[in-house]
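Here's a friendly walk through one protein model. Have a look at it first, then read on.

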Amino acid sequence: MMGHQNHTFRSDFILLVLFSSSPTSVVFFSFLFVIFIMSVTENTLMILLIRSDSRLHTPVYFLLSHLSFMDILHVSNIVPKMVTNFLSGSRTISFAGCGFQVFLSLTLVGGECLLLAAMSYDRYVAICHPLRYPILMKECASAFMAGGSWLMGVFNSTVHTAYALQFPFCGSRAIDHFFCEVPAMLKLSCADTTRYEQGVCISAVLFLLIPFSLISASYGQIILTVLQMKSSEARKKSFSTCSFHMIVVMMYYGPFIFTYMRPKSYHTPGQGKFLAIFYMILTPTLNPFIYSFRNKDVLAAMKNMLKSNFLHKK
């Protein structure tokens, strides 16, 4: 066993990358790279707008700024390594680099799941109990929600990363994935991982099923409240907002639940890679549009920023 552990810490892993050198793969790689640039740009712009415009200094936009920061870290944790490996022709990743990818991805997965639940609660209070909103969503409450999401994500990730990386990885070092993800890594272990997989299921219930249930309940109550509105325009706008939010939630939670709540024997490489593209790359790109750029306050803040920059240059 000691020999296995020493070998584990000395050896690099090999990532069976998403792209080959074929023309089709080059086009697909270029598309994902553009998506990565868009995601970082959109979310950075969102954070700058929220910080610079006083009208956006509200609980919901404070939570959105944390969501944007998490999304930047999400794509930056995965795509730059993919780009480096694709351009250099290398497929290796160090044990430490793999451990960091696992730690950061699990931190962001747990943190963002809790943060999305906090944001749904904010919308629930704003629409269903507008008179109590200033009391229930004080500045300290939103700070507690954001800070709690980060802390719980870090704690959960620290436990799982430390536990997953101590397994001996015998034989092949090739991870059939484009980044280091725990389910794909467990397939390389020659030890019995049954108990650890049970721990993963417990974490999935706490960080995936419970927040998803709270989000569903919140939007269910929002829809019931919206149906009682007299203004047809207000109903249409609220339904549009809720439907877009739920689409993003399904795109984020669905693949995670499918990935982390199944035994490793049911995992297939093709499914894992396809689902990871959704929650690691596509969802962070869609979030600013769904939650922010369709909002008139954000659009007004953007116009003011462009106007002030234009006047400053003149």
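This is a predicted model: local features need pLDDT of at least 70, side-chain atom pairs count only at pLDDT 80 or more; totals for chains, interfaces and linings use all residues.

Residues are numbered from 1 along each chain as its sequence is written, and side-chain values use heavy atoms, with hydrogens and water left out.

Let's start with the pockets. A pocket here is an open set of points on a 1 Å grid over the protein atoms alone, where a 1.4 Å probe fits, with protein on both sides within 12 Å along at least five of seven lines; lining residues have an atom within 4 Å of a point. Volume is the space filled by probe spheres set on the points, which are joined across faces, edges and corners. Nonpolar means Ala, Val, Leu, Ile, Met, Phe, Trp, Tyr, Cys and Pro, charged means Asp, Glu, Lys and Arg, and the others, Gly among them, are polar.

| Largest | about 650 Å³ | 10 nonpolar, 5 polar, 5 charged |

In the largest pocket, Tyr61, Arg123, Lys237, Thr241 and Asn295 are the closest to the centre out of 20 lining residues. Helix H9 (232-260) gives the largest share of that lining, with 5 residues. Helices are DSSP runs of H or I with at least four residues, strands are runs of E with at least two, and both are numbered from the N terminus.

Residues 202-227 are 100% helix, with end C-alpha atoms 36 Å apart. For 239-261, the values are 96% helix and 31 Å.

Now for the rings. Phe, Tyr and Trp rings (six-membered for Trp) pair if their centres lie within 6.5 Å, with planes under 30 degrees apart counting as stacked, over 60 as edge-to-face and the rest as tilted. Phe13, Phe95 and Phe169 are linked into a cluster by ring pairs. Phe13 and Phe95 are stacked because their centres are 6.0 Å apart and their planes at 25 degrees. Phe13 and Phe169 sit 5.4 Å apart at 85 degrees, so that pair is edge-to-face.
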